[in-house]
Amino acid sequence: MECFRILGPTRLHGEVTASGAKNAALPALAASLLAEGPLELSGLPAVRDIRTMRQLLGHLGVDSEEDGPSLRLRAGNQARSDDAPYELVKTMRASILVLGPLLARLGHARVSLPGGCAIGVRPIDQHLAGLEALGAEVELEHGYVSARARRLTGGSFRFHVPTVTGTENLLMAACLAKGTTVLDNCAREPEIRELATLLGKMGARIQGAGTERIEIEGVESLNAATHRVIPDRIEIGTYLIGAAMTGGEIFIRGAASADLAPLLEKLAESGCDLSISDSGLGLSRPTELKPRDILTAPHPGFPTDLQAQYMALMTQASGQATICETVFENRFQHVPELARMGADIHIHGTFAHVHGPTALSGARVMATDLRASACLVLAAIAAAGETIVGRIYHLDRGYERMELKLQQLGARVERLAAEPTRATTTP
Ligand code: EPU
């Protein structure tokens, strides 16, 4: 199994370019199922989840071909299948994003239930209740969701919890429903606003995306469109935290600040200097790092997808920081791994108390999920000595060319084909 070997400590410095957002690209790809003409997407990150979604769409009858920096997707009028099988869905929960579009376009869909994952149970009850509110008949059997509706009809639905992919699924389904749909307590993540922008280019009539209430006036068909995926706010946040953690100085070309406000505020309060321009975001940390508490919450709150990386940062702050995770029930799996590197962190329910600053030391650690892996990589860059981060297939799901970008910033990171049997080098 591939791993990263990292020699630290290193101060991150230099410039990198932001990649396209995985979590905006996945629903954009799923939206290709809705279009009668080709969808041309650019800015897709070269990460495993995008390859998995392309494979799933191929299975469902969407032909995709690369055209320079763009991907052209054509669903055609005849689907090859309405069935998203377990083998593909189990490797990527976001596969559930094909449910709404398939049902809206074909009138039937069969998608494997994604099941739980490392960070929590992650039910999809709200996706299903929402589709039922639009007239679908939904059945769960043999680990699959089967949904049918001759044509979905507009309706009202209030989400019990704001769910990102749930909102995206309903948004896509409602575009082809007969009549108007009103969705309340919607997730407000920038990726939803972006999906609505793409659907709008395809001919959908949507108002309010990015707010709690979205209104969709159904249309008869959706057409060809061209769209560029937004920069990845979580990737950008990860590298900013890396520079803050190591007392470094970096510039991320193509990074936008608007969607990262909750992180940028904390970084500024903890002593970092930020520079925001049209071309990107810069950060340097000239002084001691101050501890600052965070509470994760749906957008515009502090993103749960940056919680683990922020915890690594707080191990370097002088004093105690409290981190409260409110979105997922099991998203502290990086804590025992950080503790192996010397971090002083105590968990009480949904709270983690981090006492810093700690002189981290390199160790063998194991990635458990995508963002926990990124946290361990950052900790390893700040730590003295050699760290082996195992199971980096998690990282490859969502970070494009991570070791190359980190090398560009001066980090000593290499990808090994297999985990060494024992530590190889003392720096
Ligand atoms: N929830 C329900 N019922 C539902 C749906 C969600 O109870 O039907 C609960 C979940 O269990 C969770 C909360 O609602 O406690 C929020 O989950 P949400 O549905 O918003 O998560 P998601 O759509 O499955 C997306 C991102 C995640 C990100 C979360 C939260 C994509 C493809 N994935 O997941 O990204 O953590 O929103 O912002 O957009 C990642 O990139 O590492 C990642 C995990």
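Points are joined across faces, edges and corners, and a volume is the space filled by probe spheres set on them. This is a predicted model, in which local features need pLDDT of at least 70, side-chain atom pairs count only at pLDDT 80 or more, and totals for chains, interfaces and linings use all residues. Residues are numbered from 1 along each chain as its sequence is written, and side-chain values use heavy atoms, with hydrogens and water left out.

The second largest cavity holds about 50 Å³. Its lining (residues with an atom within 4 Å of a point) consists of A24, A28, E191, E194, L195, L198, H227 and V229. Two or more of these come from each of α1 (22-30) and α7 (190-201), with α7 giving the most, 4 residues. Helices are DSSP runs of H or I with at least four residues, strands are runs of E with at least two, and both are numbered from the N terminus.

A pocket, by contrast, is an open set with protein on both sides within 12 Å along at least five of seven lines. The second largest pocket has about 250 Å³ of space, and 15 residues line it, L44, P45, I50, R54 and E66 being the closest to its centre. β3 (39-42), α2 (48-59) and β5 (70-74) each supply at least two lining residues, and α2 leads with 3.

Now for the ligand. Around it sit 21 residues, and Q126, T163, T165, D305 and V327 come nearest; a residue counts if one of its heavy atoms lies within 4 Å. Domain 1 (3-18 + 231-416) and domain 2 (22-228) both give residues to this shell, so the ligand lies between them. The domain bounds come from an automatic or database assignment. Within the shell, α5 (125-133) gives the most, with 3 residues.

| Residue | Atom on the protein side | Distance |
|---|---|---|
| K22 | side-chain N or O | 3.1 Å |
| N23 | polar side-chain atom | 3.0 Å |
| V327 | backbone N or O | 2.6 Å |

Taken alone, the ligand exposes 830 Å², and the protein buries 87% of that. Those areas use the Shrake-Rupley method with a 1.4 Å probe.

Notes. On a 1 Å grid over the protein atoms alone, a cavity is a set of points where a 1.4 Å probe fits but cannot get out, and a pocket is an open set with protein on both sides within 12 Å along at least five of seven lines; lining residues have an atom within 4 Å of a point. A polar contact is a pair of N or O atoms within 3.5 Å; within protein, one must be able to donate a hydrogen and the other to accept it, and residues adjacent in sequence count only if both atoms are side-chain atoms.
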